[in-house]
Amino acid sequence: MYLIGSDIGTQGTKSVIVNEKGEVLAEALREYEVITPRPNWAEQWPDVWVKAVFETVKEVVEKSGVPKKEIAGIAISGLYGGSGIPVDRNMQPLRPCLIWMDRRAVKETEWVKQNVPREKLFEITGNYVDSYFGFTKIMWIRNNEPEIWKKIYKFITPKDYVIYQMTGEVVIDYSSAGNLGGVFDIRKLNWSKEMCDILGIPIELLPERIVKSSDVVGRVTKEASELCGLLEGTPVVAGGIDAPVAQLSAGALEEGEHVAMVGTSTCWGTVHDGSKLAFGLVNYPYVVYDTERIYTFGGSATTGALARWFKEQFGESETIVGERTGISPYQLFDKEVKDIPAGSEGIVVLPYFMGERSPIWDPTARGVFFGVTLYHKRAHLYRALMEGGAYALRHNMEEGLKAGLKLNDECWIVGGVSKSSVWVKIFADVTGFKMRQVASLVEAPYGDAFLAGLGTGVIDRPERIKEWVKYKDPVEPDPENKKVYDRYYEIYRELYERTKDLMARL
């Protein structure tokens with residue numbers, strides 16, 4: 001039997017098909033853009049996601065050549081879709097989805113801070129408040145778009161909207177519900193009527209059916225089968241938020257195991273029993289053992305996005321060479337920076353190019369290049385961006401340790417950024433943790449395929465993921481580089497504290 005996983009990312013959707021041993025037979029990708037009508041605003045129409053999922057699923061089925069009747073099922077994960085897609089009673093989108101990257105709900109965040117005791121919010125939800133969380137974005141729509149608000153029937157997450165288009169079923173999984181923030185009770189694993197009332201979010205706007213990530217939630221309809229290339233009746237499994245599904249794809253099941261998913265953004269996380277929740281990080285149910293284990297993660301808003309921004313603004317020649325030779329522009333950048341010493345010879349970057357999530361939770365934070373002189377070249381700036389992303393990872397790790405979470409001395413790393421050996425080495429040197437790359441760079445879609453196997457009975461238990469995953473040799477931190485980075489990290493931390501008021505004034 002064969003299994004399909006599909007992950008809806010911020011800038012692209014990727015699907016894979018694997019066999020029962022976890023061997024990838026085919027993969028496909030579709031890219032798209034984020035709508036940014038104003039600074040710190042980020043939204044997307046869901047039809048882009050539906051089209052990308054259906055097209056990539058159809059492509060992997062055709063590429064693999066496997067008989068459709070031997071495809072046991074499909075699971076879908078997705079980016080954290082912020083507010084969710086507001087739909088009317090006909091399940092038609094009323095406006096674009098405010099995705100995780102959107103930070104417009106500043107006034108709503110301040111209202112919560114002033115009117116809801118943080119101890120109460122944290123006790124019920126396991127989280128605090130920030131414009132990152134979906135519940136503040138829902139409040140923004142209520143406060144600013146009353147004509148749309150009165151038409152809303154439900155808020156549906158990106159991957160659950162695709163599941164609806166594929167099956168006709170409206171559901172949400174525990175990880176997606178938990179990541180909405182202030183309206184989900186992390187202990188009772190259900191919507192909190194008390195918090196909904198306090199925040200002015202009608203509970204009936206939230207999906208009633210909350211499921212495990214490995215639950216079969218529906219079957220491919222006749223209409224969807226013609227578009228996605230799967231047989232009518234193929235089981236569809238719930239999936240979850242992309243970060244914990246990527247965590248699963250690296251084999252993480254137990255306390256102490258931690259994974260950095262480094263793509264457009266960074267989501268670093270670990271799994272535990274929920275007895276120690278980190279206040280400055282995000283906490284919600286994991287995608288296996290959903291009712292027993294908590295996934296705690298810290299997320300930097302821009303990591304791979306920093307590299308993409310640099311390429312688009314300053315990498316025209318690398319882009320042209322890449323098109324002619326088939327070599328990635330990022331590989332060319334890596335060659336330019338590999339001989340520049342740790343610390344980029346005096347440059348420190350604050351990588352807050354879209355505000356910042358954990359642990360500073362500051363939507364007004366901005367990117368900073370500090371220490372630039374006429375001596376520095378373009379390559380110094382690029383390496384300093386890489387180091388800024390690594391400092392942000394270290395900051396989140398330290399918050400986890402401060403909360404008492406156990407972390408093994410080895411961090412597993414997945415995502416597009418992990419293709420860069422230079423950047424992986426910088427992560428190791430900055431954090432002091434060994435970095436072990438997963439041999440297969442498929443990440444979240446791979447975890448989805450595994451969830452599809454669990455849900456359909458092709459795989460009998462979560463521990464089988466250990467048999468699927470293969471790792472490369474760990475990248476060890478260099479003690480001398482670590483000493484250099486320790487000094488620069490202190491400057492990094494202090495630089496934000498000294499400039500955050502000026503950032504807010506901007």
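**Entry 1: a surface patch.** I started with the term: patches are made of residues with over 30% relative accessible area and no salt bridge, with like charges joined within 9 Å and nonpolar side chains (Val, Leu, Ile, Met, Phe, Trp, Tyr) within 5 Å. A salt bridge here is a side-chain nitrogen of Lys or Arg within 4 Å of a carboxyl oxygen of Asp or Glu. The model is predicted, with local features needing pLDDT of at least 70 and side-chain atom pairs counting only at pLDDT 80 or more, while totals for chains, interfaces and linings use all residues. Residues are numbered from 1 along each chain as its sequence is written, and side-chain values use heavy atoms, leaving out hydrogens and water.

I found a nonpolar surface patch formed by Ile 35, Trp 45 and Val 48, with about 230 Å² of accessible area together (Shrake-Rupley method, 1.4 Å probe, only the protein chains shown counting as cover for residues). Trp 45 sits in the loop between β4 (43-44) and α1 (46-64); helices (H or I, at least four residues) and strands (E, at least two) are DSSP runs numbered from the N terminus. Trp 45 counts as partly exposed because its relative accessibility is 37% (buried is under 20%, exposed over 50%, partly exposed in between; 1.4 Å probe, protein chains only).

**Entry 2: pockets.** For these I noted that a pocket is an open set of points on a 1 Å grid over the protein atoms alone, where a 1.4 Å probe fits, with protein on both sides within 12 Å along at least five of seven lines; lining residues have an atom within 4 Å of a point. The largest pocket has a volume of about 1,300 Å³, taken as the space filled by probe spheres set on points joined across faces, edges and corners. Its lining has 46 residues, and Gly 263, Thr 264, Gly 416, Val 417 and Glu 443 are the closest to the centre. I see that α11 gives the most to this lining, with 4 residues. By type, the lining of the largest pocket splits into 22 nonpolar, 15 polar and 9 charged (nonpolar: Ala, Val, Leu, Ile, Met, Phe, Trp, Tyr, Cys, Pro; charged: Asp, Glu, Lys, Arg; polar: the others, Gly among them).

I also checked the second largest pocket, which holds about 410 Å³. Among its 14 lining residues, Gln 11, Ala 305, Trp 309, Glu 312 and Met 354 are the closest to its centre.

**Entry 3: α10.** This helix (242-249) is among the elements that supply at least two residues to the lining of the largest pocket. I found 8 of its 8 residues buried. After α10 comes Gly 251, with a positive phi near 95°.
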